[in-house]
Amino acid sequence: MVWRGTADGSFQTFEVPRYASQTVLDVVTHIQRALDPTLAYRYACRVGMCGTCAMTVNGVARWTCRTHIDKVAKDGALEIAPLRNLPVIRDLVTDMGEFFDKWAKARGRFEGTATRKDDFANVTPQSAARVQVDAAIECIGCGVCYASCDVVTWNRDYLGPAALNRAWTLLNDARDTANAERLRAVAGDAGCHACHTHVSCTERCPKHIAPTAGIAGLKRAVVKAALRGEL
Amino acid sequence: MTFRNETLLWMLQRASAAVLVLCVVVHLATMIYAIRGGLSAAEILGRTRGSYGWLAFYSVFVLACAVHVPIGMRAVLTEWLAWRGSSRDIALAVFAALLAALGMRAVMGVFL
């Protein structure tokens, strides 16, 4: 069953042949190419790099290009819907605008002062800060964590796990110079303090990142800054 | 409310939670001791009346509740009823004052 229409749409049933190593994205592509060319969905790389093909598969947000049917089908059936917590444009395509706007609100952009005339920054791979960055930097922006987060559902202003995870990587980037402003941006009701540590983001992240850990780190960093009077 | 005050509320909730962990453990142990030991109400009052130690302990317990509960309720009201803004915060301040007043009334009831 595949979701059709916008928020008040409904599921439509399709019969799709099974193949070995078939992915959920293969199924959606088969429907669009062979059964109903009006089906709208989004994908680009097909190999788990671009983060565009995330959908809700049998109730769980997943990257569809790397999700095998064997792993998720229940009695040979799939229910494929658009990602939760985002406006549906049509069928399986959501508007990711608010998701990425929140990255900007969390000051998710690197801000440095070095120019091309400066030497490279020396960052030891084993340094504590760099280890934190390594653990969180591989986010592909697929929106699975955002769709899986109940706090996003309940508090529409909440920045969400991906944006806060991004802020956490920049906070630990020795070259970044905007961390005072960044901590202000991620503090409070819409930021890291809204997280209830449900850990759904960490459970569902296809890249095995733990945004919950990053958000906890942000909470500590904000409190430290507040105690020092720097917030 | 500014992000500074939001952060302050979060810190107050965490700090009060740490106090409450200790208070709840001591309170439960005291209750179990009083019940299992078969203390009568008069015997319990005999120990609490005029005891500055119990007055201090239960005053801290009540005030930690009066800080902790409304901050938690704030998130519940925001997320479940979408109640935001100063009306919510004023209502919660009144609720906090009520918790503190009723709690302290009970504490004074066994102290005096």
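This is a predicted model: local features need pLDDT of at least 70, side-chain atom pairs count only at pLDDT 80 or more; totals for chains, interfaces and linings use all residues.
## Two helices side by side

H3(A) and H7(A) run roughly parallel to each other, because angles under 35 degrees count as roughly parallel and theirs is about 30°. To find them, look at residues 97–105 for H3(A) and residues 161–171 for H7(A). Their axes lie 8 Å apart, and the crossing is right-handed.

Which residues make the contact? On the H3(A) side you'll find A:Lys102, A:Trp103 and A:Lys105, and on the H7(A) side A:Ala162, A:Ala163 and A:Arg166. Sorted by class, that's 3 nonpolar and 3 charged residues, with no polar ones.

## H7(A) has another partner

H7(A) also packs with H8(A), which covers residues 179–186. Here the axes come within 10 Å and cross at roughly 155°. Angles over 145 degrees count as roughly antiparallel, so that's the label for H7(A) and H8(A). This crossing is left-handed.

Who meets whom here? From H7(A) come A:Leu164, A:Ala167, A:Leu170 and A:Leu171, and they meet A:Asn179, A:Arg182 and A:Val186 of H8(A). The class count for this contact is 5 nonpolar, 1 polar and 1 charged.

## Zooming out to chain A

Now for chain A as a whole. It has 10 helices and 7 strands, and its C-alpha trace spans about 60 × 40 × 30 Å along the principal axes. Of its 231 residues, 41% count as buried.

What about contacts between residues at least 6 apart in the sequence of chain A? Of those, 66% join residues at least 24 apart.

## Where chain B touches chain A

How many residues of each chain are in contact with the other? There are 9 from chain B and 11 from chain A. On the chain B side, helix H1 (3–36) and helix H3 (52–81) each supply at least two residues. H1(B) gives the most, with 6 residues. By class, the side of chain B that touches chain A has 4 nonpolar, 2 polar and 3 charged residues.

One more helix to look at in chain B is H4(B), residues 85–111. Is H4(B) well covered or hardly covered? Hardly: of its 27 residues, the count of buried ones is 1.

At 1.5 Å a residue, the 27 residues of H4(B) should span 39 Å, and the C-alpha atoms at its ends are 39 Å apart, so the two agree. If you try the sum, remember that the expected span uses one less than the number of residues.

Methods: Residues are numbered from 1 along each chain as its sequence is written. Chains are lettered from A and ligands numbered from 1 in the order in which they are written. Helices (H or I, at least four residues) and strands (E, at least two) are DSSP runs, numbered from the N terminus. A residue is buried if 20 or more other C-beta atoms lie within 10 Å of its own, exposed if 12 or fewer, and partly exposed in between; C-beta atoms are placed from the backbone. Two residues are in contact if their C-beta atoms, placed from the backbone, lie within 7 Å. Ala, Val, Leu, Ile, Met, Phe, Trp, Tyr, Cys and Pro count as nonpolar, Asp, Glu, Lys and Arg as charged, and the others, Gly among them, as polar. Axes are lines fitted to C-alpha atoms, for helices over the stretch in contact, and angles run from 0 to 180 degrees between N-to-C directions. Angles under 35 degrees count as roughly parallel, over 145 as roughly antiparallel, 65 to 115 as roughly perpendicular and the rest as oblique. A crossing is left-handed if the near helix is turned anticlockwise from the far one by less than a right angle, and right-handed if clockwise.
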